[in-house]
Number of protein chains: 2
Amino acid sequence: MANTKALELLEPQATAAPCCPPLAERPMTSGEAERAAVMFKALGDPVRLRLFSLIASHDGGEACVCDISDVGVSQPTVSHHLKKLKDAGLLTSERRGTWVYYRVEPAVMAAMGQMLGTWR
Amino acid sequence: MANTKALELLEPQATAAPCCPPLAERPMTSGEAERAAVMFKALGDPVRLRLFSLIASHDGGEACVCDISDVGVSQPTVSHHLKKLKDAGLLTSERRGTWVYYRVEPAVMAAMGQMLGTWR
């Protein structure tokens, strides 16, 4: 049953609500800052950032753990960092057969870009 | 000598080199990830994010420490977090008379937005 078609039918596992307004629009509320800081913190580590970029730039914005190599850390460390990215809502994952596939969460990335991107 | 005109004549204290390509363009190099992670990490704290948003949204993207209140932490803690944002290249500061004024670094914010903003 595990095939590539299946992925298209699945709902994302982590749905991060759109957050937040552009940083320069108005002072963030405490609640907004709590939510947004989780996402920034997840990207605030060089290894996680490389892993995330590797997955984001891989074919279709999805990569298997088997596609990840050469980031200079052990496989358990890779898994640890992927879990952190997933917990922050930046990645979703799906097991297909032997491997777990990671996919970027476009809505979350768009929301982060909006916070920073409309910079005057 | 301390007047608002003076600020326009000053060079930014911290000039962060443009970094980095959009995250989905290609896997980041180790060096790029090291540099970018510093910026994301600086925003990965709710209090710093609120302070940053407060300054960014203040008149002209600049605020005096005297403009900062109601983020729920003590003045020494505010100063500590502002220093972290400054060390990461996200803010510059200038003393004028009694007060230190903080200003967002637009080039750095634009670079971060570019990393996230061109999301497919």
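**Two chains, two hairpins: a quick briefing**

In chain A, β2(A) and β3(A) make a hairpin with two residues between them, and G97(A) in the turn has a positive phi of about 65 degrees. (Strands here are DSSP runs of E with at least two residues, helices are runs of H or I with at least four, and both are numbered from the N terminus.) Keep in mind that this is a predicted model, where local features need pLDDT of at least 70, side-chain atom pairs count only at pLDDT 80 or more, and totals for chains, interfaces and linings use all residues. Residues are numbered from 1 along each chain as its sequence is written, chains are lettered from A and ligands numbered from 1 in the order in which they are written, and side-chain values use heavy atoms, with hydrogens and water left out.

**The hairpin and sheet of chain A**

- Strand β2 (residues 91–96) has five of its six residues buried, so the rest of the structure largely encloses it; buried means under 20% relative accessible area, exposed means over 50%, and partly exposed is in between (1.4 Å probe, protein chains only).
- β2(A) and β3 (residues 99–104) of chain A run antiparallel and are joined by six bridges; two strands count as paired if DSSP finds at least two bridges between them.
- Along this pairing, R96(A) sits opposite W99(A), and S93(A) sits opposite Y102(A).
- Zooming out, three strands of chain A form an open sheet in the order β1-β3-β2, with antiparallel pairing.
- β1 (62–64) and β2 of chain A are at the edges with a single partner strand each, so one side of each has no neighbour in the sheet.
- From one strand to the next, the twist averages 25 degrees; for angles like this, axes are lines fitted to C-alpha atoms (for helices, over the stretch in contact), and the values run from 0 to 180 degrees between N-to-C directions.

**Helices across the sheet of chain A**

- Helix α3 (residues 46–57) of chain A lies across β1, β2 and β3 of chain A, at about 90 degrees to β3(A).
- Helix α4 (residues 75–87) of chain A lies across β2 and β3 of chain A, at about 120 degrees to β2(A).

**Over in chain B**

- β2(B) and β3 (residues 99–104) of chain B pair in the antiparallel sense over six bridges, and L91(B) has V104(B) as its bridge partner.
- α4(B) packs on the sheet and touches β2 and β3 of chain B, with its direction making about 120 degrees with that of β2(B).
- S79(B) lies in helix α4 (residues 75–87) of chain B.
- S79(B) and V65(B) are 14 residues apart in sequence, and their C-alpha atoms are 8.3 Å apart in space.

- Chain B can be laid on chain A with an RMSD of 0.0 Å by a turn of 180 degrees and a shift of 0.0 Å along the axis; the superposition is by least squares on the C-alpha atoms of residues with pLDDT of at least 70 in both.
- The two copies are thus related as by a two-fold rotation axis.
- Both copies use the same surface, since 100% of the contact residues of chain B recur in chain A; contact means heavy atoms within 4.5 Å.
- How many residues does each chain bring to the contact? Chain B gives 37 residues and chain A gives 37 residues.
- Between them, chain B and chain A bury about 2,900 Å², with 72% of it on carbon and sulfur atoms; buried area is the accessible area (1.4 Å probe) that two parts lose on being put together, summed over both.
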